[in-house]
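The stops below follow the aromatic rings.

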Amino acid sequence: MNETFSPDSSHLTIDCILNDYKEALKDDFERYRGHCLRMWNYLNLMGLTHEEQRLIEIALPFHDIGVWSHDSMDYLEPSIALALSYVD
């Protein structure tokens with residue numbers, strides 16, 4: 001493990017995106033936020049480029065969000081649609 005690595009406990013882009021879905025996430029907001037931040041930290045241990053980081057910081061909040069935004073376990077298409085809408 002990289003001894004200089006310090007895990008992020010917050011992330012501006014991830015937090016801003018997730019705040020838009022706070023009402024949909026309800027009681028799961030902090031758990032889903034923690035899940036996204038853990039993934040962010042693990043991925044950063046891989047030594048991502050700046051471009052990869054930029055893509056991932058947008059993709060992470062959306063990767064499962066359709067479970068809550070569309071109240072469905074068939075969440076991939078809604079999650080993708082929301083992510084694409086965000087970047088347009």
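Select Phe62 to begin: at 3% relative accessibility, this residue is buried (buried means under 20% relative accessible area, exposed over 50%, partly exposed in between, with a 1.4 Å probe and protein chains only). This is a predicted model, in which local features need pLDDT of at least 70 and side-chain atom pairs count only at pLDDT 80 or more, while totals for chains, interfaces and linings use all residues. Residues are numbered from 1 along each chain as its sequence is written, and side-chain values use heavy atoms, with hydrogens and water left out.

Phe62 and Tyr86 form a tilted aromatic pair, 5.5 Å centre to centre with 50° between the planes. Rings of Phe, Tyr and Trp (its six-membered ring) pair if their centres lie within 6.5 Å; planes under 30 degrees apart count as stacked, over 60 as edge-to-face and the rest as tilted. Phe62 belongs to helix 4 (residues 50-62) and Tyr86 to helix 6 (residues 76-87), so the pair ties together parts 24 residues apart in sequence. Helices are DSSP runs (H or I, at least four residues), numbered from the N terminus.

Tyr32 sits in helix 3 (residues 29-44) and Trp68 in helix 5 (residues 66-69), 36 residues apart. Tyr32 is buried at 4% relative accessibility, whereas Trp68 is partly exposed at 24%.

Terms used:
Helix = DSSP H or I, 4+ residues; strand = E, 2+ residues; numbered from the N terminus.
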